[in-house]
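Trainee: Could we go through the ring contacts together, with the criteria stated as we go?

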Amino acid sequence: MDQILYDYELNPTTWVYVSSLMTIAIFFRFNRLFSIRNFDLLVLLAMAPGPLLVARGAGYERIGYAWLFAIGGVWLVRLLADPAMVRRPLLEPNLSAGGLTFMDCSLFLFLMMGVLAGDVTTDDLDGARRADGILERKEAPPQPVVETHRPGYPLLHLLASVPSRALVRPPTPAMEKEAELARHVMTAKTMAILSHLAVVLGIVTIGLRHFGNLRTGIAAAGLYLLTPYSAQMVGRVDHALPAALLVWAVAAYRRPMIAGILLGVAAGTIFYPVFLLPLWLSFYWQRGRLRFVAGVVLSIAVLVASLTLTSSDMASFNAQLRQMVGWPGTWTNSIIGFWAYTESAYRITATTVFVVLSLSFALWPAQKNLGTLISCSAVVMLGAQFWNPQDGGLYIAWYLPLLILTIFRPNLEDRVAIAVLSDHWLYRRRPQLRTAA
């Protein structure tokens, strides 16, 4: 690949300037300067210095994490206020549908070339290594790998691990180690590309099927690809994979069982989506709650069963099961990021507020529609950044697609479960959309 993409480098700092100018040119409403859309775009662009400062190191990490927490606080207020913004005028981008499609395809190829030409981190290889462990029935690695990348993470890597094992074979037994590393690198890069592709296609699908506007979906996908953060963390599977699962859970919201399966797998991958369950269960309470719960239980059961493939005895299985549910790793992991520079007592306060906020979504808003489902899901995944011990604040991809969908969404007050869901377990036909009493 180096011979084809000779000296190809996606410089994050340069991309901040280029993408910021493109974002303003394409999405900024120059005829309505004081609009919510323009405010959202400016705050979105203001996030860019945070990851750059963290990546620079040399004492700048603390400033970078503090910057991300400050911008995250602004977004938290904005997202909590979103359900009250019932007037949603259609503010189309300053580019035709054909131009947006060309831009999206070009940006995706540009970013994915960066994945192919770039290096992979040790964390990126963890999923591939553990996927091989599942195939070969090897014991799971010790902490903290299992605590940060739970069973769903290596299980999904099987999608890319199985083909890579067939494509990369050692020419001689002596080169087995080199071939194994090359196979893991291929698996990690393939998963990164597939995850971003799933996010883009999911956003476009939501725009077409649930927003009723294909151009809006294409524009939202383009903004996701343009974001400076997307270019900087483009190869990080642990950032993009959970985002893909959450986006497609929203895309499948009319099929509660599928949405429950996707949320269950997401929770079994990074743990934090488990706090979405009160919100989503409340959304399906009038219709679809049993199907949703069945989907979540089914996915969790499959993930728990997969632990037997990497457990040598019952003690190992119990240890992995505790790590899967976030105990005790959520608190005993070595803390990296903002909380490494701050008193742990403040983190306890942040965690308490987060848990109360997540549970409160079971009651508020009283009448939940697709719009509140998207914005409040973004709130929960954003709120998880405020107490995440591993680079808290840096996992922007966990809520970025949901945030962008919130920015572009129309008025969705009529998209409530009782109006859009069939009353059958098997999805027979698309019900006619009607406003619930």
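Mentor: Let us begin with a charge over a ring, which is called when NZ of Lys or CZ of Arg is within 6 Å of the ring centre and within 35 degrees of the ring normal; here R289 lies over the face of W285, at 4.8 Å from the ring centre. Likewise, the charged end of R56 is placed over the ring of Y60, 4.2 Å from its centre. This is a predicted model, in which local features need pLDDT of at least 70 and side-chain atom pairs count only at pLDDT 80 or more, while totals for chains, interfaces and linings use all residues. Residues are numbered from 1 along each chain as its sequence is written, and side-chain values use heavy atoms, with hydrogens and water left out.

Trainee: How many aromatic pairs does a search of the whole structure find?

Mentor: A pair of aromatic rings is described by the distance of the centres and the angle of the planes. Rings of Phe, Tyr and Trp (its six-membered ring) pair if their centres lie within 6.5 Å, with planes under 30 degrees apart counted as stacked, over 60 as edge-to-face and the rest as tilted. The search gives 21 aromatic pairs; among them, Y272 and W387 are edge-to-face, 5.3 Å centre to centre with 75° between the planes.

Trainee: Is W387 buried or exposed?

Mentor: W387 has 3% relative accessibility and therefore counts as buried, where buried means under 20% relative accessible area, exposed over 50% and partly exposed in between (1.4 Å probe, protein chains only). Y272, at 7%, is buried as well.

Trainee: Which residues do ring pairs link into a cluster?

Mentor: The cluster consists of F271, Y272, F275, F354, W387, Y395 and W398.
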